[in-house]
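These entries record what I looked up on helix packing and nonpolar cores. The model is a predicted one.

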Amino acid sequence: MDDGTEPGFNRTGAQSSPLSVHSMQLYADERVPEEVSAPDEMPDGKEMAAVRCDYAVEAERIGSVPMPGVLTSAFTAVVSKLGARKPEVLVDKLGERLAFERIGVRLYQALIDKAAALATQQRMPFSVDDLQRLRDDELAHMHVLASALDSLGADSTAQTPAAAVSAVAISGLMQVLTDPRTTLVHCLEAMLIAELADDASWELLISLTAEADQDQFLPQFRSARDNEKAHVRQIRGWLQTVVLGEAR
Ligand SMILES: [Fe+2]
């Protein structure tokens, strides 16, 4: 496999067939829907926005946050601190972080597999041990979150709404990592997106946890956040090394 930037016969741009540009434009113009074909009624996105707005207003919610089957004193404290109004926000966010860290383990395993496949063709800026350490950090974070949910009496195996949405958001990254055609650079860029989200999400969770007076979780959460900051630095550094190496 080349590094993905070798010149080739790419026909996606207009420059590959300048003589066809005019006919392509005509084709697109002819296919404007009749109801907006008058010059003063050209589509400007407002109709699409109106449809999206209607659906968003009428849609059912993605899911619900399961409330603790057993009310622990810790959860009662969350309810009381947050005014008994939205204790589920903390449970939802803990579930989201747990889901993201679980998928993070799989992302790193996919990167380890990709690196093993490419190691015979290019120099890696990291060792397998480096990647395994990052993967194991994500796994450790997942267990921290499961323990936090369990100690609140919440169900750490439940998929909360935020967890479900984050799984959809990260699914594109998994596709990049597992596509046989993607290069090391493509994969490191996908990992950087995941790690930046990890870092920001731990910051938010720490603020929410402090707000709910759940200080017993903060030391481990801060340690996880510090780990994530180190992950961002490492992935960013490796990405820079590989890209600059390819440009030379
Ligand atoms: Fe991470």
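**Helix crossing and cores**

I then looked up the geometry: the axes of H5 (residues 128–152) and H8 (residues 218–247) come within 11 Å and cross at roughly 155°. An angle over 145 degrees counts as roughly antiparallel, and H5 and H8 are therefore roughly antiparallel to each other.

Next I listed the residues that make this contact. H5 contributes Asp130, Leu131, Arg133, Leu134, Asp137, Glu138, His141, Val144, Leu145 and Ala148. From H8 come Gln220, Phe221, Ala224, Asn227, Glu228, His231, Gln234, Ile235 and Trp238.

I turned to the nonpolar cores. Which members of the largest core touch the most other members? Among its 29 residues, these are Leu107, Leu111, Phe126, Leu177, Leu184, Leu188 and Ile235. At least two residues of this core are supplied by each of H4 (88–118), H5, H6 (161–178), H7 (184–211) and H8. I recorded H4 as the source of the largest share, 9 residues.

Finally, I noted a second, separate core of 22 residues, with Val65, Ile206, Phe217 and Phe221 included in it.

Methods. Residues are numbered from 1 along each chain as its sequence is written. This is a predicted model: local features need pLDDT of at least 70, side-chain atom pairs count only at pLDDT 80 or more; totals for chains, interfaces and linings use all residues. Side-chain values use heavy atoms; hydrogens and water are left out. Axes are lines fitted to C-alpha atoms, for helices over the stretch in contact, and angles run from 0 to 180 degrees between N-to-C directions. Helices (H or I, at least four residues) and strands (E, at least two) are DSSP runs, numbered from the N terminus. Angles under 35 degrees count as roughly parallel, over 145 as roughly antiparallel, 65 to 115 as roughly perpendicular and the rest as oblique. Contact means heavy atoms within 4.5 Å. A nonpolar core is a set of buried Ala, Val, Leu, Ile, Met, Phe, Trp, Tyr and Cys residues joined through side-chain atoms within 4.5 Å. Buried means under 20% relative accessible area, exposed over 50%, partly exposed in between (1.4 Å probe, protein chains only).
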